[in-house]
Amino acid sequence: AGRRLDELITVDGRRWSEHAGCREVERLGRWQGTVRHSVPGNTAVTVNCSLSRLVPAEAGPPIIAMVATDLTGRLQALETLRASEQKTRSILRVAPIGIGMVVNRVLREVNDELCRMTGYSSEELVGRSARILYPTDEDFEFVGREKYRQIALKGTGTVETRWQKKTGEIIDVLLSSTPLN
């Protein structure tokens, strides 16, 4: 309180008075943006800033309120998530077995090998019920009951079943499932 913004804020390597946001506060009375802010110890944090002039320019010296939210942790978490997703996609891409990820028995991701095995493209499978892969409702329902029973008991479920390829050909598959959460 009572200090010049140049004493408090270094934005993107410059003093606040040299930043375009300073001129916007002078002109419009407010500014909002995401910037890199230098902090003691020669480190920088990513900050979302919102500044508002509380007193009209013609009424005297500027009184400015600033709210700043440190986004550094959130951005690091997003980068960690991105790296994890990229790793998962790499595993899916190179695995020599068919892999699909389902939520409530709806296919959310499939790898190339699963597509090759079934004759469907990923576009034809993703977003569809896994029912598309079974020759009968009975097969689909049996797998659901048995796999989820095993998962409840042991944390993973494995069942031998039949799938129907896009061509209509029936193939035998060993289906294993483990919850990711």
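Hi everyone, let me start with the largest pocket: by class, its lining has 20 nonpolar, seven polar and four charged residues. Please keep in mind that this is a predicted model. In total, 31 residues line the largest pocket, and Gly100, Met101, Val102, Ser176 and Ser177 are the ones nearest its centre. The space inside comes to about 1,000 Å³.

Which elements build that lining? At least two residues each come from strand 6 (100-103), strand 7, helix 4, helix 6 and strand 9. Strand 9 is the top contributor here, giving five residues to the lining of the largest pocket.

Now, on to the cores. The largest nonpolar core has 17 residues, and Val110, Leu125, Leu133, Tyr134, Trp163 and Leu175 have the most contacts inside it. Two or more residues of this core come from each of strand 7 (106-110), helix 4 (112-118), helix 6 (137-154), strand 8 (157-164) and strand 9 (170-177). Strand 9 provides the largest share of this core, three residues. As a general point, nonpolar side chains in soluble globular proteins tend to be buried together.

Let's zoom in on valine 110. Once you set aside the neighbours within four places in sequence, valine 110 is in contact with Ile99, Gly100, Cys115, Ser122, Leu125 and Val126.

Is cysteine 115 buried or exposed? Its relative accessible area is 10%, under the 20% cut-off, so cysteine 115 counts as buried. Cysteine 49 is buried too, because its relative accessible area is 6%, also under 20%.

And how many disulfides does the structure hold? The count is zero. For cysteine 49, the nearest cysteine sulfur belongs to cysteine 22 and is 13 Å away. A disulfide needs the two sulfur atoms within 2.5 Å, so cysteine 49 is in no disulfide.

Last stop: alanine 57, which you'll find in the loop between strand 4 (43-53) and strand 5 (64-70).

Terms used. Residues numbered from 1 in each chain as written. Predicted model: local features only at pLDDT ≥ 70, side-chain atom pairs only at ≥ 80, totals over all residues. Heavy atoms only, no water. Core = buried A, V, L, I, M, F, W, Y, C linked by side-chain atoms within 4.5 Å. Buried < 20%, exposed > 50% of the residue type's maximum accessible area, 1.4 Å probe, protein only. Helix = DSSP H or I, 4+ residues; strand = E, 2+ residues; numbered from the N terminus. Contact = heavy atoms within 4.5 Å. 1 Å grid on protein atoms, 1.4 Å probe; cavity = no way out; pocket = protein on both sides within 12 Å on 5 of 7 lines; lining within 4 Å. Points joined across faces, edges and corners; volume = space filled by probe spheres on them. Nonpolar A, V, L, I, M, F, W, Y, C, P; charged D, E, K, R; others polar.
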